[in-house]
Amino acid sequence: MHLGSRVRAVALATAGVLIVACGTSTSTSEAKASPDKQILRVNDGTEPNSYDPGQETYTYEAAVGRNVFEPLLTPKSDLSDVQPAAASSYDVSSDGLTYTFHIRTNAKWSDGQPLTGQDFVYGWQRLLNPALAAGYVDPFFDQSVAGGQNYSNVDPTDTAAVDSFIQGLGLSAPDDHTFKVQLQHPAAYFKWVATLWVGAPIRKDIVEKAAGGSFPSTDATKAEMWAQSKDTVIGNGPYKISEIVSKDHVTLVPNSNYWGGSGTLQQIILYFIADGNTAFSKYQTGALDQINVPIADVTVVRGDSTLSKQAHLLPELTVFWMTYNTKRAPLDNPDVRMAFSKAIDRDKLVNDVEHGTDKAIESFFPRGMNGYDDSDKAQSFDPTAAKALLQKAGVTADQLNKLKLLTRNSTGNKTLNQFIVDQWNTNLGLNMQTDIIDSKTVTRNIRKGDFDIYGPDGWGADYPDQQDWADIFTSTSCHGLNFGCPTLAGYDDLVQKADTETDQAQRNKDYAAAQKILIDQAAVGFIFQQYEYDIWKPYVHLVQSPFDDEYLPGDQNYHSGYILQH
Amino acid sequence: MAVIAGRPTRGALLPPWLVAFSGTRGGSLAIFVARRVLWMIPVLFFVICITFVLMHLAPGSPWDKNGGRQLSQSVVNNLNIKYGLNKPLGVQFLYYLWNVAHFDFGLSYQYEGQTVYGLIASGLPYTATLGILAFLVIVPVGIGLGVLAALRQNSRVDYATMGFATVAASFPNFVVGALMVVLFSVLMYKWTGGSFYLPSADFGLDQHLIMPVITLALLPIAYTARLTRASTLEVIRQDFVRTAWAKGLSERLVVIKHILKNSLIPVVTTLGPTFAFLVTGSVITETIFNIPGIGRAFVTSIESYDYPMILGTTILFAFVIAVCNLVVDILYVFIDPRVRLT
Amino acid sequence: MALADTALERTDWDVAEQQIGLWQDAWQRFRRNRLAIVGAVIIVFLVLVAFLSPLLVGLHILQSPVKQNVEFIESGVGQNGFVLGSDELGRDTLARLMFGSQVSLAVGVLVQLIILPIGLAIGLAAGYWGGRVDNLLMRFTDIWWAFPDLLFVLVVVSVFQQRVGANVIADLLMIFGAIALVNWVALARLVRGQVLSIKEKEFIEAARSSGSAPLKLILKHLLPNSLGPIIVTLTFGIPQAIFLEAVLSFIGFGIQPPTPTWGQMVNSGYENIYANPSSVVFPALAIGFTLLAFSFLGDGLRDALDPRMKR
């Protein structure tokens, strides 16, 4: 997931998995609370824009989507591979073009109906419908599913064209418990696409009932009506929605028909509190059980003997960097870009400005994910070397002072970028400035290539595979995800090779070589990997392990959590 | 606006029964109200116009995400088609007006599939409750303090109340609100071990309302008190009050009958802007106390370029303010004997 | 805070024909008003601070308001050598407070300077020409009045912010302009009322019959007589503008860093209220005292300049 701004207060409180102990230092023989007390109240941060999993693109939405719906597969705890979820197993054809998923025979929807392969066909067809304009369709689905490559050419108002496009997609259900997908090309990462929450199954009869009958495929409004009331949001996940109070909270209760059995938690209430102070004060007065600690209050938590014991620093598969517009001189010169990258004291940033809630990084793939490799220290902090590079490039301070650091108008971004500009000014002897404007306009500017330097730009893994990351910097992603548009010799070929490669060891090597190109050419300046500093009450027992799939966007595994007696 | 009449109405062009009707006080009031209500329509039209133009002047687009994965161009194109944003602006504007005339305020861009009407309807009760409660606190407290200070002019009571009023009007109310939360919520929770404290956020028809209402009402109370004091002083000094005093009526009668009624005039004037202030004040209060009202929804809709929602909330606010001003002007007719309706 | 304006507008300002001695009289009464003097003193002090702070930085008596010391983020009062503590990037709070006075005073004063010509022009036009023009202009102000001011400013700021970019002066002017645009109505109505009451005086009729241009006459009589209420209106407008800037910064739409403004400081101080409460209290006090000072000054001016109030 592309993260333009560090949505600190919005970041989800993750339900981590502690192999060792629960919460503080309670023994494992602590008794669970009675069922009527098994209520967990967390802060989701922002209200989901939709409860339709196909329309959910943000972590705070996927938090609900991943619990109410279940996709075919799910990542393993150590993120090394996938494991079965709604599908008990899957086969890949020898040419790598056909995936056959076997749906669990005991999988049911929350209303008791059995889960069928047809539900997945309908879900994926609806997702790929151009009239719906679902955010996550590209590139995961339209560039993997056979027939999807025509997605951008179909006129969403032409019913016949849309219908024939959808029928032409490589999706089928040969029988009730099978779901078959044809691919455009071999893709070793496709198993990860199958773990995305947007690939959830959807019940055609429910969609049509809510819309008042069948409707033309071009009517997107009708296609969304089912997601507006809790009574019609029927999912196949471990939980279902029992209450939605607009702008306030959503309540989840166990789905008694879930194949994996009911968890202990009887109620999970996700609040939409955007203001950090409000969330923190509610936590302190016992009105919330788990929150993400607002950055401003990190020192308070650390300094408080009670609160500090309830705090946990959890890693995320999220990395941030500064984007240089390589189409503008002098940023087209890799030496200049490298100079900027080497003029940022990352340790000061993460330890002082971020109060130790993030970790510095100079490479691309994050810690905890296959492919993490920090051996290339080319971008390390070294002001002397940086100045030397500038001299070598022959740029003057005057030229550089004209460059502006485009900044989104949010507290976290403003603070961070003022620090970074100050670093450049101090370490390179410059006088640059930040350009702070409203967030939407920033996005428009970077998509048009109308900026000098922009940051912090970031990416959060959609799934723990390098493919999800490396595609960002291909030349075809220029102005789409890759706003700086650097020309990197050999990068595109390497990535393309790795994307279609089936041998994992070879893939790893190819992606590693691609990462080296990124670092050495200073395509962007990598600064830090985001961690999450959460607190939760000692009576909240959440199963947690490092780099679990819990840290993928929107993942909240409440199924194994419970409340202790207190 | 009610002004002192200078010329007679142009009766020649109106039907005789209307002229006769307008001669009576009730009749002229009815016509006045009718004219002002009709006048609200072009006012709202211009408000929509200006907001529409301004909104679309902003260079960003609703589909540019603040964070998270950006949408691909094909998806953006499809979205524009879905919501009619690919049509020329003038056409969009006309479509919008047509829909508004049918009370269809469109779908929100931010919350897929939800209607603007539904979103506003769900948030309005919270904002309205707070606003009305604040108002019910402002009027008696503000007027009461002001009259008290005027009657005891230059005494300690006067300095105390006016001091409080001025100070309350000077400090940003959001700071006061935030400090109240720290003090009465978190710290009290700590000091009393969780047994006695005010809830720090959320809406509830109980002690949850105390701090938000205070935050909202503080500034208007201060202004109302100061104005009431000033106008009460003016009235007290006038001759007829001295006469009433000399007649020996009990002080209370004098106060109530003469002073209050006359000193209410400038205060009633401020009630309209007070409501306007409560509208904007709700934005701050709802943010601090996490209340799901429309004040906060308005700010987020601006940040997310949710055009239908921006227009919807603007229309609502403008309508409420226009109605309040009308009510104020009607009240004027009854309170200020100098006022005649044109 | 449009509350004060309409009360002033409704107050029936009597147009004094005798101007000689009014100013001396006013000054006398002003001098006796202790609160007004206090207010004036505070304002003078603020102006001094605003002008002298760059000098103090140059003399190294005061730390630079933009120098970051990230090792000392969010220091409390007196900690780490910061007299009033430091902010979220380790910048000296005292220095930022002092430099912030520049922006606050600028917001207050410049906004009124923008309002003055607009309000004067429209009020004059409406009062002088009367009839259709008056009607039209008053309806125009009605529309403006119906616009919730925060809404308008928010939309204007978000529209124009990106066009302005990193240009600090342009950024400031845009915010000032937006605030001015929502607050000119009171002045316009006041001026209109003044013009109308002047028009009704007999000497105007007399002058007209004798052939001299009424506009010049009105101007000649308007300005000196209305100066009092206009000054008072403008004075009460200053705290309004400062407050609105603080609210804008609180929501995140105001003047952007690194230019220090009190509103911004309250905004980031609010987020740090548990870690470092003084970071929100000091700028709030600064705003508070400034608003107080201008309120006292305004009260004092009104009492001094109103010919009917006898002490």
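Predicted model: local features only at pLDDT ≥ 70, side-chain atom pairs only at ≥ 80, totals over all residues.
# A tour of chains A, B and C

In chain C, helices α11(C) and α12(C) are roughly antiparallel to each other, because their axes cross at roughly 150 degrees and angles over 145 degrees count as roughly antiparallel.

**Stop 1: α11 and α12 of chain C**

Select residues 262-271 of chain C for α11(C), together with α12(C); the two axes come within 8 Å. The crossing of this pair is left-handed. To display the contact, show Trp262(C), Met265(C), Val266(C), Gly269(C) and Tyr270(C) on α11(C). On α12(C), the partners are Ser279(C), Val280(C), Pro283(C), Ala284(C), Ala286(C) and Ile287(C). Colouring by class gives 9 nonpolar and 2 polar residues in this contact, with no charged residues.

**Stop 2: α3 and α12 of chain C**

The crossing in which α3(C) passes α12(C) is left-handed.

Next, show the side chains where the two helices meet. From α3(C), select Leu35(C), Ala36(C), Val38(C), Gly39(C), Ala40(C), Ile42(C), Ile43(C) and Leu46(C). From α12(C), select Phe289(C), Thr290(C), Ala293(C), Phe294(C), Phe296(C), Leu297(C), Asp299(C) and Gly300(C). The residues of this contact comprise 12 nonpolar, 3 polar and 1 charged.

**Stop 3: chain C as a whole**

Now display the whole of chain C as a cartoon. How many helices and strands does chain C have? Its secondary structure consists of 12 helices and 0 strands. Of the 311 residues in chain C, 53% are buried. Among contacts in chain C with a separation of 6 or more, 70% join residues 24 or more positions apart.

**Stop 4: where chain A touches chain C**

Bring chain A into view beside chain C. Their contact takes 26 residues from chain A and 23 residues from chain C. On the side of chain A, the elements to select are α7(A), α8(A) (298-303), α11(A) (346-353), α14(A) (411-428) and β16(A) (433-437), which give two or more residues to this contact. Which element of chain A gives the most to the side that touches chain C? That element is α14(A), with 6 residues. By class, this side of chain A has 8 nonpolar, 10 polar and 8 charged residues.

**Stop 5: where chain A touches chain B**

The contact takes 48 residues from chain A and 43 residues from chain B. Select β1(A) (2-3), α6(A) (220-224), α7(A) (276-284) and α15(A) (439-448), each of which supplies at least two residues of the side of chain A that touches chain B. The most comes from α15(A), with 6 residues. The residues of this side of chain A divide into 16 nonpolar, 22 polar and 10 charged. Helix α7(A) is listed among the elements for chain B and also among those for chain C.

**Stop 6: a hairpin in chain A**

Finally, select strands β9(A), residues 239-245, and β10(A), residues 249-254. The two strands pair in the antiparallel sense over 6 bridges. Show Ile241(A), which stands opposite Leu252(A) in β10(A). The hairpin has 3 residues between the strands, and Lys247(A) takes a positive phi near 65 degrees in this hairpin.

Technical notes. Residues numbered from 1 in each chain as written. Chains lettered and ligands numbered in written order. Left-handed = near helix turned anticlockwise from the far one by under 90°. Helix = DSSP H or I, 4+ residues; strand = E, 2+ residues; numbered from the N terminus. Contact = placed C-beta atoms within 7 Å. Nonpolar A, V, L, I, M, F, W, Y, C, P; charged D, E, K, R; others polar. Pairing = 2+ DSSP bridges. Buried ≥ 20, exposed ≤ 12 C-beta atoms within 10 Å, placed from the backbone. Axes fitted to C-alpha atoms, helices over the stretch in contact; angles between N-to-C directions. Parallel < 35°, antiparallel > 145°, perpendicular 65-115°, else oblique.
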